[in-house]
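Hi there,

Here is the structure I promised to pass on to you. Have a look at it first, and then read my notes below.

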Amino acid sequence: MTDHSATNTETDREPLLTGYPGRLLTLILVGTVAAFVGRNIFGPLLPAIIETLDITSAEAGIALTVMWASIALTQYPGGLLSDQLSYKTVLIGAMAVMSTGFVLLTQVTTYAGFVGGLVVMGLGAGLFTPSSYAQLAALFDARRGQAFGLYTSSIDTGTSLSGALAVGVLAVTTWRVGGITVATTWHVSFVPVVIVLVGVAAALHVHHRGTYETGIRGCELNVRGTVSRILGNPLVRWTVVAYVMYSFIFQGILGFLPAFLRFGKGYPQTFANNAFIGFFMIGAVARVVAGALGDRIRHLTVAIGSALVGMAGLLVLFVAESSGPVLVGLGLLAVGITGFPPVVNAYLMGLFPDASMGGDYGGTRTLLIFLGSLGPTYIGTVAQAFSYELAFAALLPFFLGSTACLCWLRVQ
């Protein structure tokens, strides 16, 4: 099977941001920004969380791995329920669960409570992503790559905003209302996230034309069929292998980039947080560009180029000894790791049958996110035992392996 792209005529005929599809796309984008502000703010907040909860970097890495594993756990059910219930049911339900988790995180004072809040939030986040992708795939065909580019760009927009929110929150020691302390340090970060998620859920309730389906007993958990379509198809199988290695890299960098710059490169916390914000601002643009290029040339060609740029950035970042080269390395790495998902997702979803697309994609994401969730534990453990620089440098073999898989797929 080859990697097809839409013709210019087909792309021009399909509206992207107008009409009913455009309204749903906009709401999903806003909800995604809020969700990723909340779930990706832990990198910038991590030094404060470690201090407040009195935990080690390894324990922090394990907590983030538990969060990602929780996200992975509900990827398959999220996609499956989207196929067999309705997009409206799963999208709104997922935001309700996420909001509950974020509310819990505003109250935690212990490591166990922190992990518990991450688990609840992660379960909701895992339901949200595959149902969002499946909804967008149902709305768009010729411009699917561009829609996915906007969607994944909203992820980086949310991540950038999470860094800005962290900077603002940490600048205030305590938050008071009427003389009463209502939150301290990082806990208040999740309040605006909950407000936006609830607002988007209410808007989807009003504007989504779908109905609520709650006949869960009628859903068939066809795990064998899903596994067969994922692992039995060599194109899907090797795409998943490439994506797992990418996920390992991305989740490790996401959780520990500010800590790497702070403790590995010796920069002040302000520089580290600002670099984190800039990293994902670049990514927000790179994802849109990559999605559009993938639609007009080949998705896998763009994916390979992204991986090569990411490797170059990692090498520059490792050898850099001054701010200029560090920023160049961060920019290249940002383009490389954020240009990957929109084109690989578009290619991957084109390999699944329409009738089982949501469940198959959700099952695939369960594999790649669960295995990739080991990235933060790896970074935290190696950094504690050796150094942050060594931990980041050892991501290079995963880049090489992922690129090799993509090159094989490209020539099929």
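How many cavities of 30 Å³ or more are there? The count comes to five. Please keep in mind that this is a predicted model.

Let's begin with the largest cavity, which holds about 220 Å³ of space. Its lining is made up of 18 residues, and those nearest its centre are Ile155, Tyr243, Tyr246, Phe250 and Arg365. Two or more lining residues come from each of helix 2 (19-39), helix 7 (111-139), helix 8 (144-170), helix 11, helix 15 (340-349) and helix 16 (357-372). Helix 11 contributes the most, with five residues. Sorted by class, the lining of the largest cavity has 10 nonpolar, five polar and three charged residues.

The second largest cavity has a volume of about 60 Å³. Among the residues that line it are Arg39, Phe42, Trp68 and Gln251. Here helix 3 (42-53), helix 4 (57-73) and helix 11 each give two or more residues to the lining. Its classes are five nonpolar, four polar and one charged.

Now for charges. Side chains of opposite charge can pair when their charged atoms come close. The model has one salt bridge: Lys265 pairs with Glu389, and their closest N and O atoms are 3.0 Å apart. Lys265 sits in the loop between helix 11 (234-264) and helix 12 (269-296), while Glu389 belongs to helix 18 (residues 388-393), so the pair ties together parts that are 124 residues apart in sequence. Lys265 is buried, at 17% relative accessible area, whereas Glu389 is partly exposed, at 28% relative accessibility.

Happy exploring!

Definitions and conventions:
Residues numbered from 1 in each chain as written. Predicted model: local features only at pLDDT ≥ 70, side-chain atom pairs only at ≥ 80, totals over all residues. Heavy atoms only, no water. Salt bridge = Lys/Arg side-chain N within 4 Å of Asp/Glu carboxyl O. Helix = DSSP H or I, 4+ residues; strand = E, 2+ residues; numbered from the N terminus. Buried < 20%, exposed > 50% of the residue type's maximum accessible area, 1.4 Å probe, protein only. 1 Å grid on protein atoms, 1.4 Å probe; cavity = no way out; pocket = protein on both sides within 12 Å on 5 of 7 lines; lining within 4 Å. Points joined across faces, edges and corners; volume = space filled by probe spheres on them. Nonpolar A, V, L, I, M, F, W, Y, C, P; charged D, E, K, R; others polar.
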